[in-house]
Structure formats: C-alpha cells, structure tokens
Amino acid sequence: MQDAVARVLSVTEHPLPYYSIRLSLPAVYDDAEPGQFVMVQVGDRLEPYLRRPFSVFDVAAGPSGVVGELLGKVVGRGTELMAKAEPGDEYRVLGPLGRGFTLRTQGRSALVAGGVGSAALLLLARSLAAQGGAFDFYYGGRNQVDLPCHLEFGRLAEQSGGRLVLTTEDGSAGAAGLVTAPLDEELARGSYDFVYSCGPMGLLKRLAELAVRHGVDGEAALETAMGCGYGACLGCAVPHVEGRWALCCKDGPVFGFSEVRW
Amino acid sequence: MTPRPDLATRVGPLELANPLMTASGTFGYGLEFAHLTALERIGGLVTKGLSPEPILGNPSPRICETRGGMLNSIGLQNIGIDAYIDDVLPGLSQYPAKIIVNLFGTTREQYEGLARRVEGVPDIAALELNVSCPNVQRGGIEFGHDPQVLEELVAAVRQNTSKPIIVKLSPNVTSPVLIGEAARRGGADALSCINTVLGMAIDADSRRPLLRRLKGGLSGPAIKPIALRIVYDVHREVGLPVSGIGGIESARDVVEFLLAGASAVQVGTALFRTPNAPVRILEELETFLTDRNLAAVSDLIGALEPYD
C-alpha cells in the first residue's frame, strides 16, 4: 500500500453516468490483486472531504510504467468532479488496498456484476481467461446504459470458453428482468463450481442465497461507504457470521458468501 | 544560518518532542500507519478509546460525510485494554512518540480498574479520559456533563494512578469551563479540547438519517471555530494545560490553536484523508517558525494579541 500522486493520462466517457480514467500508478500496482481497491482524493476541498473508494478496474505494466484504469459512476459531488478529470490532472491515490478474489482456475465459474460493480471483475476475468479458468459473465443493469464495457467482458468470457449474459430491468439490452433469473437456471443445472460477484448489497445477498441453495460456493466484493480505506476509522463495518463486525476495507472488500451475515 | 526552531513542548507533566499528536479514534491503535508515515516523528499517539472488555460497536452506516467534515457513530468499538497492552503496545514501544491511552467505562469502578491496569505499564506515558460516555449508575447521563460526577470520577482515577491524567472535554455542554474546573478539582493534569460535536445528517430523497443510530459526532474542519473558542476559554479560565483538537490540517491551524492557548494539538479526521498528515504538518510548522524567526514553538502558547 502506498500513497502516491497519480497523473491522469486519458478519460473515456461511456454513456453517462459512467466514465473511466487512465492513470499513471506506482510500480506496486503491477501486483494488484483482482478485487482490490484504491482511495482517491478528489482535489483539496472541503467537499468532498474524504477520499472515495474505486475498484482497481484495470492495470497494465508498459514501457513508461504502470498504467491503471478506474471505472466510475457519477453518484455525488466527488464522482461528478472525477468525471470531469482531464489529462494531466493529478490525484492522490492510496492503494492497492484490501483483500482480493481467490483465483480458481479449476472448473467453471459464473462472474456476476450489477452495474458498476463490474469494475471489480475485469482484472479477475483477465486472470481467469489467461490461466484457463472458464467462465460465463452475467451483467445486469436497470437499462442498457448500466452495462459499461460489456463488449470487453464478452470478449474475455468467449476467450475463456464461456459467454456473456446481459439482463436489463427495462429490457433495453439482453433479457428483461434481474440478472439472478438466468443464473438461477444455470445453477440448478449444476453448470458452475464457483460464483464471483460485485454489485449492490441487495443483489449480493440474493446471489449468496441462490448459490448456497444450489450448493455452490462463491465470493462477493462489497461496496460500502468508507472513511479511510485502511482500517483506521472503523466506518465500513460488515456483519460477520461469527457475530462480530468485519471491516470492508481491510477484511474485504472480497468476502466468501458464507462469511457475511447477509 | 538560523538555528532550527525548538519544537519541544509539554502538556503539564507530559513532555513531547513536538506538539503534533494523533487524536483518539482516528489513528487506530497506531500500527495501522507504520508503513504510511514516519511514525517516529510524531510527538504523541493517543489510542482508540479502550474499555475493560472488547466492544463490538454499532451497525452500519456508521459514518457519513458532511460539508467540511464527517459524522461518526462507531459505537466505541475497541479490542479492550488487555489486548491493547498485550498485542499492540509491544509493537509501538520502538517509536519515540509518547503513548497516551484513551480510556472509558460505564461506571466509576471501570475507570478505576483501567487506571490500575495501566499503572504498571512503563510504555504508557499518560491517560486521556473519555468522559463522553453514558454513566449507567446515573441513568446514562454522560460523566462529562455533570461537574460533581466528573470531579468524583477524576478523583477516583487519581487515587489509582501516578501517571498524568488528561480529561477530554465534550463541546456538547453549556459550559466546558465549568466541566474543566471540576476536572481540575478532581486532580486532572491537563485537558483535551474538544471531543466531537453531536450532530445529524438526513437524506432528502430517501428521508432516512445517514447514520443507522441517527446521531453522531461531527469532526473535521467544520468544527475548528468551536474548538478554538473552547480552547481559548478553558486555557484562560481553568488554568490547566490544554491539548487542542478540532479540524487541524495545516501548520497555520496548529499555530492558531497554540495562540488560543493549546500547549499541543491532536490531528484527527485529517488522517483519514492523509495518513501522513501529522508529519507533513510538522514539516510545515518548522518552516512557518523559521520563516518568521521564531525560536520556539512554546513561545506561541497563549500568545494571542487581543485588540486594545
């Protein structure tokens, strides 16, 4: 973990409210695990005051150093300012932080993203595809805009020997309905050995229940509010099955389905 | 060449290499920061509040950001005094920073027990009493809200320790000065001003409070003027050394607190955004003093220049 100044290299606008930012990062990010995150300080302002958490969406080592990418969604003042970033802008970035996904290349996996939760799954999809772990990628949103970078996820799923399954609540892309419906059918057929997921808490809870019902284990990257990102403020408490509070930033953000008291 | 300014200060009997400390509840137990900052440069570390037994804390959401600060209702989550002394303290003893344990209980007997527990531990330099917690023997009224109760509490702790006692005052009372005077009568050596300001935040769309437990403690730059006023009043009227706390993020903030009467300061919420904040502020402070040919940080304490 390192607190460094990262320079913006480019900003890609996906259909709003989504955006992605490519940043120059310190060498330590070359070893970032899929599912880890960073805390970004958006300016030196009183509002937003605290840093904002972002999944490490992508990272690649090149001749001029390590380049990382963050995929964001405008939800408030901080993310709105981030979306207006321009090449050359500098941000303080603390990371990589937290516990990432466990890489399982044996058997077949389902990767399940709810909206911008997909930001935690790209590095995982890349690693699985590169190491022979077959997976299907389930991507659900309210509408077609809610599925940023779905072509890239589809390409990686195909490369691994799997497919991309899109769902939208309004039917504007893929099957109409919730992402859990097609997943439920495949889980019932015994198609998967493991489920990886990231998205809103409600989705993750339903996924964990589905997986447990079908006797399949899995992991979820949780999205919570965070004050510091490294275990000092104790703000990101997650209920643990052992009756204590786990910290999303330090014990997670990736938790086993059976670790969380959903 | 100008000699480097003298940064040493003292909060009553507690001697510090410099005036920068970390505030309770914002620095974990200290070791979380070891690889993010030059821990050896910090004057004093105040621990997360410690109780006789571990406390689990409140459900989420426990924190929310507000303009210029944040609210928290962590619920006094901590590992307990024994785990701190056995598991954490050995890792901190290699650093020169003075270790101040922040202690709290729900009865006077618990505070006495905590004082006895740390009495024989040489690495602990002082006690900071958190008195902003409910007194179960008095219907849940905070110890620090009643001068008589507070005086008796501090006197009871005094009977059980030879270490310096610092009482952390709450801003959520009519007169912090009256409470500070009670702490002095009970035998306190110094006062920390201020604890968080009780506050609330609401989401207009969902109509929900932003904290699960509705209310929480406000901290950060938003509370600095309140803190400065209380430091000023308490320093002038109580006559005990004061450790200033509230929204400190820069050397100028530190100097303002010193001028108001603080002998040292604690950096809190700024650590969440900048883990290296105290060390960066310390470097800025040296520059501030050097640029103005000020020989010693202690010359600034209480050196406010009022209007004629």
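Which residue is the bridge partner of A:Val11 in β2(A)? The partner of A:Val11 in that strand is A:Ile21, and this pair belongs to a sheet of chain A that is described below. The model is a predicted one, and every value in this briefing should be read with that in mind.

- Chain A contains five helices and 16 strands, while chain B contains eight helices and 14 strands.
- Along its principal axes, the C-alpha trace of chain A spans about 50 × 40 × 35 Å, whereas the trace of chain B spans about 60 × 50 × 45 Å along its own principal axes.
- Buried residues account for 50% of the residues in chain A and for 52% of the residues in chain B.
- When contacts between residues at least 6 apart in sequence are considered, 64% of those in chain A join residues at least 24 apart, and in chain B the corresponding share is 71%.

**The seven-stranded sheet of chain A**

- Seven strands of chain A form an open sheet in the order β4-β3-β7-β1-β2-β6-β5, and their pairing is antiparallel.
- The edges of this sheet are taken by β4 (52-55) and β5 (58-62) of chain A, and because each has a single partner strand, one side of each is left without a neighbour in the sheet.
- Neighbouring strands of the sheet are turned against each other by 35° on average, with direction ignored.

**Strand β1 and its two partners**

- Strand β1 (residues 2-13) of chain A runs antiparallel to strand β2 (residues 18-25) of chain A, and five bridges join the two.
- β1(A) and β2(A) make a hairpin, with four residues lying between them.
- Within this pairing, A:Val8 stands opposite A:Leu23 in β2(A), and A:Val11 has A:Ile21 as its bridge partner in β2(A).
- β1(A) also pairs with strand β7 (residues 90-97) of chain A, again in the antiparallel sense, and this pairing extends over six bridges.
- In β7(A), A:Gly95 is the bridge partner of A:Gln2.

**The contact between the chains**

- Chain A contributes 22 residues to the contact and chain B contributes 29 residues.
- On the side of chain A that touches chain B, 13 residues are nonpolar, five are polar and four are charged.

**The largest nonpolar core**

- The largest nonpolar core has 176 residues, and the members that touch the most other members are A:Leu111, B:Leu191 and B:Val231.
- Helix α5 (residues 224-238) of chain B gives the most to this core, contributing seven residues.
- Leaving aside residues up to four places away in sequence, B:Val231 touches B:Cys193, B:Val242, B:Gly244, B:Phe257, B:Ala260, B:Gly261 and B:Ala262.

Terms used
Residues are numbered from 1 along each chain as its sequence is written. Chains are lettered from A and ligands numbered from 1 in the order in which they are written. This is a predicted model: local features need pLDDT of at least 70, side-chain atom pairs count only at pLDDT 80 or more; totals for chains, interfaces and linings use all residues. Two strands pair if DSSP finds at least two bridges between them. Axes are lines fitted to C-alpha atoms, for helices over the stretch in contact, and angles run from 0 to 180 degrees between N-to-C directions. A residue is buried if 20 or more other C-beta atoms lie within 10 Å of its own, exposed if 12 or fewer, and partly exposed in between; C-beta atoms are placed from the backbone. Two residues are in contact if their C-beta atoms, placed from the backbone, lie within 7 Å. Ala, Val, Leu, Ile, Met, Phe, Trp, Tyr, Cys and Pro count as nonpolar, Asp, Glu, Lys and Arg as charged, and the others, Gly among them, as polar. A nonpolar core is a set of buried Ala, Val, Leu, Ile, Met, Phe, Trp, Tyr and Cys residues joined through C-beta atoms within 7 Å.
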